Amino acid sequence: MITLISFSSLGLGFLGPVYSVFIIRNFQASVFHAGMLSAIFLLTSAVFKIPAGKLVDKHGKWKILFIGLIGCGLSSLFYIGAFEIVHLYIIEFVYGIAFAFQRPALLALMAVVSNKPSRGLLLGMFDSVDDIAGATAAIISGAVVSSLGFDTLFLMCFLCYFTSGMFILKARNKIN
């Protein structure tokens, strides 16, 4: 679970620090657009988390988590082909849905894994790893964009989510 959350957090974390720069530099957009795009992602995710949670209960946490991770990875790749601001709005909507699938399933898994006397410790570790991976991604993302460009960063995001998805396939029989 620690490895899974690490790669998933890296995938999302790579985008955070440099996404506004990507929007402003590549689309001649404003900071207002960056805020709107972030709002689209967050609101879409918020709206779809409840139905996604129902899907977790109906179809299983592993399957829905895998779909969410692969959806987030593909959304990361879509940035490479975006050339108009409207494309970013569509990507953020799709990314929000994919993230909505991922989060309730991941939380359901953590509830299963942490159903022990050491629940607080395990959830603290989970959250710490999430933050550490995000901080690491913030440092790496600036270096990658500066030297290799945004497309490389988006590919790295995809690979992190894809790697998390592969961990899901491998670990699903060990944790229920």
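This is a predicted model: local features need pLDDT of at least 70, side-chain atom pairs count only at pLDDT 80 or more; totals for chains, interfaces and linings use all residues.
Local features here need pLDDT of at least 70 and side-chain atom pairs count only at pLDDT 80 or more, while totals for chains, interfaces and linings use all residues. Residues are numbered from 1 along each chain as its sequence is written, and side-chain values use heavy atoms, with hydrogens and water left out.

View 1. The protein averages a pLDDT of 89, and 97% of the residues score at least 70; pLDDT is the predictor's confidence in each residue, from 0 to 100. Helices are DSSP runs (H or I, at least four residues), numbered from the N terminus.

**View 2. Helix H4 and its neighbours.** H4 covers residues 61-81 and reaches 31 Å from its first C-alpha to its last, close to the 30 Å expected; the expected span is 1.5 Å times one less than the number of residues. Its buried residues include Trp62, Leu65, Gly68, Cys72 and Tyr79, where buried means under 20% relative accessible area, exposed over 50% and partly exposed in between (1.4 Å probe, protein chains only). The buried residues of H4 pack against H1, H2, H3, H5 and H7, with contact meaning heavy atoms within 4.5 Å.

**View 3. The largest nonpolar core.** Which residues have the most contacts inside this core? They are Phe22, Ile23, Leu65, Tyr79 and Leu88, in a core of 46 residues. H5 gives the most to this core, with ten residues. A nonpolar core is a set of buried Ala, Val, Leu, Ile, Met, Phe, Trp, Tyr and Cys residues joined through side-chain atoms within 4.5 Å. Leaving aside residues up to four places away in sequence, Ile23 touches Gln28, Ala29, His33, Ala34, Leu37, Ile85 and Leu88.

**View 4. Ser20 in helix H2.** Ser20 sits in H2 and is partly exposed, with a relative accessible area of 36%. Ser20 and His33 are 13 residues apart in sequence, and their C-alpha atoms are 8.8 Å apart in space.

**View 5. H6 meets H7.** The axes of H6 and H7 come within 7 Å and cross at roughly 140°. The two helices are therefore oblique to each other. Contact residues include Ile140, Val144 and Leu148 of H6, along with Phe150, Leu153 and Met156 of H7. Among the buried residues of H6 are Phe126, Asp130 and Ser141. Just after H6, look for Gly149, which takes a positive phi of about 95°.

How values were computed
Axes are lines fitted to C-alpha atoms, for helices over the stretch in contact, and angles run from 0 to 180 degrees between N-to-C directions. Angles under 35 degrees count as roughly parallel, over 145 as roughly antiparallel, 65 to 115 as roughly perpendicular and the rest as oblique.
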